Amino acid sequence: MNDEEFGWLVTRLETEAANVPRAFRLKVFLISIAGYVFLVAMLLFVVLVTAWAVAHAHEPGMTRAVVFAGLLALMTLPIFWVTLRALFTRWAPPEGRHVTRAEAPMLFDLLDKMRAKLGGPPIHHVLVDDDFNACIVQRPRWGLVGPSVNYLVLGLPLMHGLSTSEMLAVIGHEIGHLCGEHGRHTGWIYRQRRIFEEVASRIEADADATVWHWAMAKAMRAFAPYFYGYTFVLGRQMEYEADRAGAGVTSAQAAASGLVRIRLLAQWLGQDFWPTLYRQADTRIRPTILPYRAMATAFRMSHDEWASPAGLRSALREESGVADTHPCLRDRLDALGQQPSLPAPLQRHAAAALLGPLGERLAAEFDQAWWLAQSKGWSERHRHVTRSQARLYELASQPLAALQPQELQELARLKSEFESAQAAKPVLEHLLRRPGGPFPLASCVYGKLLLDERNRDGLDYLATAARHDRRLADEALHTGFAYLADLHGEERAQAWVDSVLDTAPA
């Protein structure tokens, strides 16, 4: 089943889940049980076949049958063994800085009130990490079975970005995953998916070992899309239910505002905050600011950049897909009965309210750890840029005619890296007009520049690069294929690739 077919399956199952929710959940339960029935049947098969082989081992005329039975048992035993290992594999606990009640009394008091209101299980550990995220993690004591230890993991950047009420809605969403029937289903489904993935990967890895393994792999491939489809749809339903739980501990308005703020801030962090910070390595031996202590201020001062109408419109155009059980922003807001609106600037962020002075200490700890991890790469980047720009100045100060071919290629690369692709174009054109070619690397770079301008002549330069330098062939052919496939379809693109390969020197 390909991605498109899986998407249609999910759409059909979502309709079924909306129309007959109780019957749908029963189906998910039965499909999960079917996996255990398969495992138990496999165990019984191994036991019965082995017992039969032992019982008839000394009977005359049974040698071949006994050997065959023994081989079947031996072929099944590895799959059964990997299943047992999946059941009892110990999970590593989530990473993060453990926070105690004495360090953050306000946070723990509010957690107690939320748990009482939602009827949730105890939170055994509260951790704060450096991600722009929050999650609840259940870690069974004995692999995938046994009583669970519950971890609430809160990202300090997220707490810097949200108001207190928005953050409480997020925490309520996470605790809601553990409450009541939803909580039982969440743990159950997560365990089933982990077991199934472990077993399926082992069966698939051994699919070519024997006919028996091939048959089991074929059966698993037929069953897997339906297992993933049913559990995926149930997982998405649980996200909506958890959103309602979060709204129940604060308000639907706070939950909706938090969802919008998270979506817009996450995009700004990835596209602006972190790239701007790392660009300092080009000019400074150390950053002028460290990220985690600066983040709250950056969120506030850049409010008009990330909380823009265009950004919100872009976020609302996204649709729910089948790669993530979390619905898209628009669907989550609709489920809460809220209209999308741009979040207002924060007067006070959640980290200050819920963590107090601990928030500043954690930011300092995370900054120290961040610099320890990044300092080597930062210094290497600074040295590379310093040397490269000096070399760029040296080469650019000379006439192009005075440079050797390898110097022209180096100049083109440096201009492309530190100025722009267009700045490198005249250098490449000068080199490609010179006698003594071909120059495959220059042809490859120039061909890609032309295709970026939607100039089909770039295909000829890519073909030259592929024909004369095998090290560049994959890159050149892939670029040309993607360009032609976008314009004329994959059949036309493949024909071009074949024509290049047919005329390449042996």
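Of the 506 residues of the chain, 44% count as buried, where buried means under 20% relative accessible area, exposed over 50%, and partly exposed in between, with a 1.4 Å probe and protein chains only. The model is predicted: local features need pLDDT of at least 70, side-chain atom pairs count only at pLDDT 80 or more, and totals for chains, interfaces and linings use all residues. Residues are numbered from 1 along each chain as its sequence is written, and side-chain values use heavy atoms, with hydrogens and water left out.

**Overall composition**

- The secondary structure comes to 21 helices and four strands; helices (H or I, at least four residues) and strands (E, at least two) are DSSP runs numbered from the N terminus.
- Among contacts between residues at least 6 apart in sequence, 72% join residues at least 24 apart; contact means heavy atoms within 4.5 Å.

**Strands S1 and S2**

- Strand S1 (residues 97–99) and strand S2 run antiparallel and are joined by three bridges; two strands pair if DSSP finds at least two bridges between them.
- His98 has Leu127 as its bridge partner in S2.
- Four of the five residues of strand S2 (residues 125–129) are buried, and the strand is thus mostly covered.

**Helix H4**

- Helix H4 (residues 105–118) has 14 residues, which at 1.5 Å a residue should span 20 Å, and this agrees with its end C-alpha atoms, which are 20 Å apart; the expected span is 1.5 Å times one less than the number of residues.
- Leu107, Phe108, Leu110, Leu111 and Met114 are buried in H4.
- The buried residues of H4 fall within an arc of 160° when seen down the axis, so they line one face of the helix; the arc is that of the directions from the helix axis to the C-beta atoms.
- Exposed residues Lys113, Ala116 and Lys117 lie on the face of H4 turned away from its buried side.
- Gly119 follows H4 and has a positive phi, near 70°.

**Ser388 in helix H15**

- Ser388 belongs to helix H15 (residues 357–396) and counts as buried because its relative accessibility is 8%.
- The backbone oxygen of His384 is reached by the side chain of Ser388 at 2.7 Å, a polar contact being a pair of N or O atoms within 3.5 Å; within protein, one must be able to donate a hydrogen and the other to accept it, and residues adjacent in sequence count only if both atoms are side-chain atoms.
- Leaving aside residues up to four places away in sequence, Ser388 touches Leu414 and Phe418.

**Backbone features in two loops**

- Gly437 and Pro438 are joined by a cis peptide bond with omega of about 5°, and Pro438 is found in the loop between helix H17 (421–433) and helix H18 (440–452).
- Arg454 is found in the loop between H18 and helix H19 (458–468).
- Although Arg454 is not a glycine, its phi is positive, at about 65°.
- Arg454 counts as partly exposed because its relative accessibility is 48%.

**Arg470 in helix H20**

- Arg470 is found in helix H20 (residues 470–488) and counts as exposed because its relative accessibility is 70%.
- Arg470 and Ala504 are 34 residues apart in sequence, while their C-alpha atoms are 9.5 Å apart in space.
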